[in-house]
Structures are given as C-alpha cells and as structure tokens.
Amino acid sequence: MLEKEKRFTLGYDELEGKDFNLVGKKNANLGEMLKAGIPISPGFAVTIHANDQYLIMTGIKEQIRKLIDPPDKQVSFETAKEASKIAMELVENAEIPAAIGDVILSEYHKMCEKYGSACPVAVRSSGAASMPGQMETYLNICGDKDLIDYVKKCWSSAYNTEAIMYRMNKGMEFLFNIGAGIPKMVNSRVSGIIFTLNPINGDMSKISIDASYGLGEAVVSGLVTPDTYLIDKITLDPIKIIKGSKEIQCVYRENASDIVQTDVPEEKRRVNCLSMEEVRELARVSKLIEKYYGTAYDIEFGIDADIPFPQNVIILQVRPESVWNKKEVVSKTEGKKDPMELMLGQLLAGVKIK
Amino acid sequence: MAKKFMDPHDVATIPGTEGWEKMYPYQYPFSKDDPERAAYESSQIWFYDGLHYPIPHYPFDLIWDEAWSMALSQYNTRHWLIPPALGIDHRIVNGYVYISPVGVPDPEEIGRRVPLFMERAGFYFQNWDSLYENWKKKMGLVIDKLAAMNFTDLPVMEDISIIKEGIGIGSGYKLLKQWDELIDLGLLCWQYHFEFLNLAYAAQVTFFATGDQLFPGIPIATLVKMSAGFDPILFKPDAELIRLAKFAIQLGIDDVIAKPLKADELMKELEQHATGKEWLAELEKARYPWFHISTGTGWFHTETSWNDNLNVPFNAIKTNIKTLKEGKEIGRPTAQILEERDRIAHEYRALLKTDADRDAFDQGLGLARLVLPYAEDHNFYVEHWFHTLFWQKTHQVSKILQRAGFFENAEDMYYLKRDEIKAALWDMITGWTTGVKSRGQSYWPKEVAWRKGVYQKFKEWTPPAALGTPPDVVTEPFTIALWGITNSTLTSWLSGGEEGGATAANEIQGSPGSSGVAEGKARVLKEVEELADLQQGEILVCKTTSPSWAPCFVTIAGAITDVGGPMCHAAIVCREYGLPTVVGTGKGTQLIKTGDLVRMDGDTGLVTILERAK
C-alpha cells in the first residue's frame, strides 16, 4: 500500500481530523465522527492529490493556473466569469487517466457489491479550506460513467464564478484542488431529526426523535406530522410515543436527484415508523454525539433500507442545539434546608388534576 | 377537568342481585338516605381498586379492606396529621371496592397541621432504623401468637381435667374467644402494617415529585430503580429455592428430586437416602419463615402458601435444577443491580446545573432510599407470612362449621361477613350447649346458594374505572404513588368511558412494567401449580406474580398481569431479567387464551392479540 499522501482514494474509516489537507475538511470530519463511533453513510474519499494528478497527467494544470496569475484581489466579475468558463470546460472535458479512474472505480465497485449494482452515491466537494457552499454536491449518481463525470464536475466546481471571486478576495491561488466524498446515497426508509434534550422544556435527561417515512425533507420542512419519540437519555427507555399521521413521504424520482412527494400507504401510517430497537440505537448514537461534542446537539438521521440493523442507522448531519444551549441556567426547585422541608413542600403541592 | 364520571348513586343493580348489600357491612354501599352523605359521595372521585382486587369481594375477605381502611386513614388523619390529606374512604358497588382520597378543605386547618406533622413525622424519620427494628419484633410476636392458635371441633363432653382442675369455662366459650382473638390479631397486624407505610409513601411521593420537577416526565420505574436495588426480603424465598437446588446437585440427589412425583412422595423417598435426609433438614430450615409465602397476593382466602402446598416449591426446585444443569445462571445479580442503580442516579445527578437542584435531588433520593426497605419488606411479614397463616386458621373454623352441617362445602363460610361468622359460631355453640339442632343448618345453605349466584353475577360485571367528580388536586400520598392517580389516568378513564373503550377488540391496554417488545404464544396460568406447563419463549399471562412465580422468568419471553403497577413484583423481577412486562391489564387472563399469538409492548403497555389459537 502506498503512503497516505500518494493515494487517490481513502476509505472514511482510514481518515481522521488531521487528514483535512489530504481529503478536505468535510471528508476528514466524517472520518473523525466514524472514529468516535458515530455511524455515517459508508463510502470513501477521492483525495486532493488525485485532483492534482488529474490536472498534471491530462496536461491542463499549467493552462488553468495561468488563467489568473498572480491572484488579483480586484478581479472583476466579468474576468472571473470568463476564467471560470475556460477552467471548468478544461476540467470536465479531459479524459481521466486510467491510473486514477481505475482506483476510483475499484472503490466504487466494492460498494456496488455490498449495496447493489450501480449503487447510487453522492459526490460531495470537500475543500481543505472553508468555502461555505461555494462548491457543488451531486446526488443520486449511479454507474461508472456518471461517477467519473461527476467527480470531474465536482473538481470543476472549484472554478465556478463565486468560488473564484471568493478565493481572489482572500488572496488565494486561482488553481485550487479539492477532495471529493463518495458516500452511499442513504436510501431512507425513515428519516428525521433528533434533539439530545426535550426541545419543549429543555430537559437534558431526554432525547427527542421526530421521524417519518422517506427522505428527511418531509420532516425538516414540516410537510407531515411525524411520529415523536421521547426517550430517557440515561436508561434509553421510551417515555412517550406520539404516533403522527405521516400521510406523505419524499422520495427521489427514479434515477434522478430531484425529490417528489408520494402518499404513504394507509397501513404504514397507522404504525410507528421506527422499530423499538431502531429507537434505542438512535438514542444510543445521539448520546454518543452529545458526549463527543460536549453539548446538546441537533441531529439529522436516516434509516437505510439497503443495510441491515444496526448499520442502517445513519447520521446525516449534526449541529449544536441552538435554543436551550443559549438560555441561562435556572434552578427548577426551591432550595430547602432539609429533607423534611422538601417533603412538606411536595405534600402541600400535591398533584394538580386540572 | 370539567367532566364528571357517572354519579355513584346511578350505578344500576345487576338484575337478580337485588339485596346484595346485606353481604357487606352496612356502611359500604353508596346511599341516598342521608342527603349530606349523598352530596359528599357525589362530589368525591371514587376509583375502583383493581390494583388490589381483580375480583369482586367474598364477604369475609373484606376484612382486609376494612382493616386497611381504618389503619391507613388513622395514620394520615390522627397520627401524622399529613397537612393536606385525611384518609381514604371506601365503598362497595356490585361487589367491587371503590376508594376515594379525602382532603383537608380549610387552608387554615392545613396550616395548623404543619408544625404537628413536622414534629411527629420528623421523629419517625430521625429514628427510622431503630423504630423499624422494633417493628420487626412486634410483628414477630403477632405472628407467633397466630401460629400458636388451633381451632378444634366441640367435644361431646368436656375433658375430665376441666372438672378436676376447676377450670370453670366451656369449649364453646373458648371457641368464640379464640375467634375474636384471631380477628383481633388480623386487625392488629394491619395497624402495624401502616405504622411506617404512610411516611414511606410520603417520602416516595417527595422523591417522585422532585424527580419530575427536575426531569419532567421521568418514569416512576426509573425513579424506583434509583432508590431500590438492595436485597428485599421478598426475593429471599426464591433465593432459598435456588440454594436448595444447588445443594441437591452438590449432594448428588438431583435426579431423585427430578422424578415426576408429588412432594410428599419425594420426601418419603429422600428419607431413605443418607444425603436425602441432610437435604430435607435444609428444606425444613428454609420453610420457616421463607415458605410462608402466598401463591397469590395474600388478599384472598382461596390462596395458599408454599407450606400449605409443598408441590409449589418442589416444582420450582425441579425447574431450578434443570436450569442449573443446562449451565444457566439463576438468581438476582445483586451486585449488577446495585451498580446499575448507582450509574443511573449518578448520570441523572450529573445533568443538574445548580446547587439547589442538586440538593433537592440528594434529599429526595436520600428519603426514598431510607424508606424503601420497609416499603418492600412489610409485604412479606403481613400479606404473605401473616395472611397465609391466618387463612389456615380460618379454614379450620370453616371446617368445624361444615362438619356441624352449616355448609355444604367448607369454602362456603367466606360468603358470610365477619360478624355473621361470629353469629353462626354462636348459633352452633348454643345448639351444642342446649343439645338441640341449631338454626344454621337450615338457614345458611340456602342463603349461601343465593350469595353464590349473586357473586357469579358480580364476576361477570365490569366495574367502571371511576365514579363521581374528579378533584382539582390530589394530595394523598398513596393515591399518587401506589395507585398512580394523575391527570393522565383520569383523562384516559374519561375518554374510555366516552368512546366505550379506546382500544380495538384485539387490543388490551395495561401499564408499562418493564421495557421491550415481545411476540409469542400466550400461556394463561390461573395457578402457580400450572407453571410446569410453560414452554420456552412463551408469554406468561396471569393475574399477578409473587415470589412463587420466580422460576418461570428464565423460561418466558415476557409477562402480562391483570393486577399491578410499576412497583409490583412482576415488574421488578422482569426489569431485572430484562423481560418486557405489561401490568394492570385488568382482564388479560380473561381475554387472552393459551396458544393465542400475542405481541406485547412493555414501553406503551399495549397488548395485541395477533392470531387466535386454533
């Protein structure tokens, strides 16, 4: 096996945070999450080195580098647009050398063996420097030819006009190699959102899961009333399950990356969309995420229909919880000087029935 | 909660049971003859005590209801002066007992009770351990007295010693006196039963309420897990059966015990072996007191103890031997339970962010841990040890009356209320003293036959969950902690009444007892003797479990009980074995048949009958 720096692909399970200069930040973060035991969609990274070698071996590197050289902070939109057009055409139209293409495809074929032929994947850009939302992500890519085409498109997206303007403003080089992440498209039988607290009252001893059929879009955009599971964070026992109506679900249109809404069959609406073992596994993973980041988190997940339990539980996205984390901590009980005082207070209060 | 349940005076008498009221003490039925009392009855919430009484009351068995009605209430009202709560009132409707917590309406009166409560309850909490040790001694004396009692038939003539020693009293008088003493001991035992229990529940309510303030919606089962976990006496009988099974294997007589013979035959055979004798000696040691355990809850005269029927413990020992020889572990992993309890408490505490909250948590948990040994162990002394001996003695009396021709079957005596038995004994004795036939022989068989018919009709009737008017607030500690009467239970009862039952025909709603989902063939067992029928992976459906049922938990996939809450035996044991449990279904044993394919959800309390047995 070659040294890490010389490889064209690296499995997510081979990555850690400090590898961001090899595969970009997004990929390195996924490796870090995996190491912490957080289940992510299986896949691999195409390295920044692969992008660089692609430009060198196809002989287009110098042509691209020279388009704006040296970096120009005052670059006009027109100039950037012109350079973008040329660079993107060069990157997308060059023939991928077998030395690189074969390595990528061999990794892809391993996935196809596990999850089905022409396994749908995403191709996600992953730069070593943060350029929020500047580069492209392509969903639902199937088969060898499309995969290679979209890896090239992903590389070329480093030269879209916005990305160029951003880099020039920061005084960065025009030439910019990026990594790509190739995770399996999560074929979400069920998906949803988790808070590692009770979002209604901020109670930290609970985990709240909202889940419904199909892609996360339905829950995130509030298109359906999902099932709600309130879980005890310490024992992982469910405390309250409220069945949602779950009338529709979002799915990918056949062989395409756009989303369509379909009806959920009547018999599936009537039952909980998650099994109790899935609920417990989600709660366990959520607890792990909270522990890893050290604060309450907001988590998107999917339950993959192509993978057996418990590997089917897949974390799609995580971010710090934004409401309760910001609130000031106040006591929920009045201080009592001794247990008898505490008892007297509780006896006098009783249990309100109205 | 604006809605009301049915007015208690409007519950219809079941046709053919007219006049049933005479089977119970006169103050028990709801009545309109005093407008003040009637108005009070209408204004209270009355809920059916299905937790203790899954069946209608045999008139005599109501003795325990009367005993606890008096004892529980006196401690709230007259001993501790629980500031906002008086006693729990009792009524009976069509044979089913309804109870109602009574509050202190006047805020000034509540205020006056506060310092009295602090002094009186404070004393018991400060001296809890030594008072509890003293309690065990007192209970020991009561039980010794009971055990020494013996009821025998009236002699044809008094023994010559009565003459020669100048005793001067007759066997009839002694029988009546001993009957009175028996009843008196029963009532005394129940006085002691509540000596600590109100305070124990007050402490638990405090912990539960504090826990819910700190962690809204935290399950009571979790709070119990944090406070329990020591070694309750109630698990001791089971531990003895495991010890005896291990000892049998060690002595090499396990194959003798495994023979498909009854207990008495096995004991005869073991007498023949030298090692068998050694084992029997250990069995004798275990029997007193640990086999004074009821095969039921102890509340009904129909239930027996292991000592009454040694086949029950012998069957359990057989199962234990089989399980041990398969190389499986049995018994409670006490160390693990303790570790889990401490982990849960520690993790919850770690979530608290202020000193005030941490103090409240520590104070509440401290109280709960102080009182839990009593809350769990008193049950063995009273409902098991005392009650099973008590029933033995009343059975002696019923046989005397049967032999005197008062009843066709000895069991018939339990269709008489307490005072009527005294009257029947009086009738029998005066017949014996005067040398003429008593009236009882012609009076009781006819009366009992009618009462049996009434009782059967009671059994076929479904008591509504609640009657009367829900209050704004419940302050009575037992009502909250033991019966779990809260907003949501009342709401679900109300909606159940409105829609004629919120669940589908193939669904039974109980309470969550232990987490998890199980699916399998149901095995409905009415008696613990039937445990041998259980097959691996079946779901046990029974009225309730007690330590007698312990051997079954290695075999079953889950348990469903008619009676019980999150702190009942079945729930505690199943949590320890990691088995799903649904408790308090009310009628699970009637609706589910052996062989039905059922799914049970120990998290939601829902039982679904998936497929009926062919």
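**A guided look at two chains and their contacts**

Visitor: What makes the pairing of Lys287(A) and Glu347(B) a salt bridge?

Guide: Their side chains meet with N and O 3.2 Å apart. A salt bridge is a side-chain nitrogen of Lys or Arg within 4 Å of a carboxyl oxygen of Asp or Glu, so the pair qualifies. Across the interface of chain A and chain B, the rule finds one salt bridge.

Before we go on, a word on what you are looking at. This is a predicted model, in which local features need pLDDT of at least 70 and side-chain atom pairs count only at pLDDT 80 or more, while totals for chains, interfaces and linings use all residues. Residues are numbered from 1 along each chain as its sequence is written, chains are lettered from A and ligands numbered from 1 in the order in which they are written, and side-chain values use heavy atoms, leaving out hydrogens and water.

Visitor: Why is Arg91(B) called buried?

Guide: Buried means under 20% relative accessible area, exposed over 50% and partly exposed in between (1.4 Å probe, protein chains only). Arg91(B) has 1% relative accessibility, so it counts as buried. Arg91(B) forms a salt bridge with Asp89(B), the closest N and O atoms being 3.1 Å apart. Asp89(B), at 21%, is partly exposed.

Visitor: And what makes Glu334(A) exposed?

Guide: Its relative accessible area is 61%, which is over 50%, so Glu334(A) is exposed. Its salt-bridge partner is Lys336(A), with the closest N and O atoms 3.7 Å apart. Lys336(A) is partly exposed, with a relative accessible area of 26%.

Visitor: Why are Lys136(B) and Glu133(B) separated by about one helical turn?

Guide: Because they are three residues apart in helix H4 (residues 128-148) of chain B. Lys136(B) is partly exposed at 26%, and so is Glu133(B), at 43%. Elsewhere, salt bridges that share partners join Lys236(B), Glu240(B), Arg243(B), Glu282(B) and Lys285(B) into one network. Over all chains, the structure holds 59 salt bridges.

Visitor: What makes a set of residues a nonpolar core?

Guide: The members are buried Ala, Val, Leu, Ile, Met, Phe, Trp, Tyr and Cys residues joined through side-chain atoms within 4.5 Å. The largest has 179 residues, of which Phe125(B), Met226(B), Trp279(B), Phe390(B), Leu401(B) and Leu425(B) touch the most other members. Helix H15 (residues 355-403) of chain B gives the most to this core, with 19 residues. Apart from this core lies another, of 49 residues, among them Val151(A), Leu175(A), Ile182(A) and Val186(A).

Visitor: Which residues does Leu401(B) contact, leaving aside its neighbours within four places in sequence?

Guide: Leu401(B) is in contact with Phe406(B), Phe407(B), Met413(B), Ile421(B), Ala424(B), Leu425(B) and Met428(B).

Technical notes:
Helices (H or I, at least four residues) and strands (E, at least two) are DSSP runs, numbered from the N terminus. Contact means heavy atoms within 4.5 Å.
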